[in-house]
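Good morning, and thank you for coming. Please look at the sequence and the structure on the screen while I speak.

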Amino acid sequence: MTALPPVVGLEEWRTELDALRMREKAATRELDAIAAQRRRLPMVELPDYTLEGPDGPVRLVDVFEGRTQLITYSHMWFPGKDWQCGGCTGFTSQYTRLEFLEPYDARFVIVTQGPIAEALAYRDKVGNRMDWYSTADSPFGADMGAPPDAGFAVNVFLRDGEKVYRTWHTDGRGTEQLSHTFPLIDLLPWGRQEAWQDSPEGWPQSSTGEGWFDSKDIARLYGPS
């Protein structure tokens, strides 16, 4: 039988919850302080990169589509594969509505090392809603921390007229702050159920990523068929 949390009376439960809430509030204040520091980061001017969009070559400055701020997610790409990175596919499947960025003068798009035709076909196959651009013929992906056959990354840019600046970057678990999946799962009594996590003895555990949807699951759930 899988272990369960101990059962206590209401008052003891409230006491334990209040103690945890103090740590949660402290973490919230720390995240506010981190965001304040992020707003004070310097930035670096970028060259005039050219990417490939659905309608052909497009300058990075034009990917903003007139907005001042841009977020890009670098989606891992493996040439010749029918199914691309399950983690990236699942991560980007969350973003079905991005209009909330418009009042903030911002846009969020995917860039990938895959050729644009293949990338757009894959986007449609898995039911992705975000706008995609290819960096297959540009050093942009590698320069932004996502070279061919390698990892994923998030980058943030600021446009001032025709000039584009890189303001922030993260990869690995740093991308979790942009996800709603892990924060929801972390609220559950058993959490992510992954062996690396600090859990009580007897909690269900598995290898990292075992509970994630893979690309075929995403296509089945959200794709055209």
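Arg 173 is exposed, with a relative accessible area of 52%. This is a predicted model, and every value I give is computed from it. Arg 173 forms a salt bridge with Glu 176, and the closest N and O atoms of the pair are 2.9 Å apart. Is Glu 176 buried or exposed? Its relative accessibility is 17%, so Glu 176 counts as buried, because buried means under 20%.

Let me continue with salt bridges. Side chains of opposite charge can pair when their charged atoms come close. How many salt bridges does a search of the whole structure find? The search finds 11.

One of them joins Glu 24 to Arg 21, with the closest N and O atoms 3.0 Å apart. Both residues belong to helix α1, where they are 3 residues apart, or about one turn of the helix.

Another salt bridge links Arg 59 with Asp 48, and here the closest N and O atoms are 3.2 Å apart. Where do these two residues lie? Arg 59 is in strand β3, residues 56–59, whereas Asp 48 is in the loop between β1 (44–45) and β2 (50–53). The pair therefore ties together parts that are 11 residues apart in sequence. Arg 59 counts as partly exposed, at 28% relative accessibility.

Salt bridges may also form a network. Glu 65, Arg 67, Arg 107 and Asp 131 are linked in this way.

I turn now to the nonpolar residues. The largest nonpolar core has 24 residues, and those touching the most other members are Tyr 73, Tyr 95, Leu 98, Phe 108, Met 130 and Trp 132. Which elements give two or more residues to this core? They are α3 (86–92), β5 (106–112), α4 (116–125), β7 (153–160) and α7 (215–222). The largest share, 4 residues, comes from α4.

Let us take Tyr 95 as an example. Leaving aside residues up to four places away in sequence, Tyr 95 touches Phe 108, Arg 129, Met 130, Leu 178 and Ser 179. There is also a second, separate core of 16 residues, which includes Leu 46, Val 61, Leu 70 and Val 111.

Val 8, Leu 10 and Trp 13 make a nonpolar surface patch of about 300 Å². Of these, Trp 13 is found in helix α1, which covers residues 10–39. Trp 13 is partly exposed, with a relative accessible area of 47%.

Finally, I would draw your attention to the backbone at two aspartates. Asp 105 is not a glycine, yet it has a positive phi of about 60 degrees. Asp 105 lies in the loop between α3 and β5 and is partly exposed, with a relative accessible area of 30%. Asp 149, also a residue other than glycine, has a positive phi near 60 degrees. Where does Asp 149 lie? It is in the loop between α5 (140–143) and β7. At 51% relative accessibility, Asp 149 counts as exposed, because the limit for exposed is over 50%.

Thank you for your attention.

Key
Residues numbered from 1 in each chain as written. Predicted model: local features only at pLDDT ≥ 70, side-chain atom pairs only at ≥ 80, totals over all residues. Heavy atoms only, no water. Patch = residues over 30% accessible without salt bridge, like charges linked within 9 Å, V, L, I, M, F, W, Y side chains within 5 Å. Areas by Shrake-Rupley, 256 points an atom, 1.4 Å probe, with all protein chains shown as cover. Salt bridge = Lys/Arg side-chain N within 4 Å of Asp/Glu carboxyl O. Buried < 20%, exposed > 50% of the residue type's maximum accessible area, 1.4 Å probe, protein only. Core = buried A, V, L, I, M, F, W, Y, C linked by side-chain atoms within 4.5 Å. Contact = heavy atoms within 4.5 Å.
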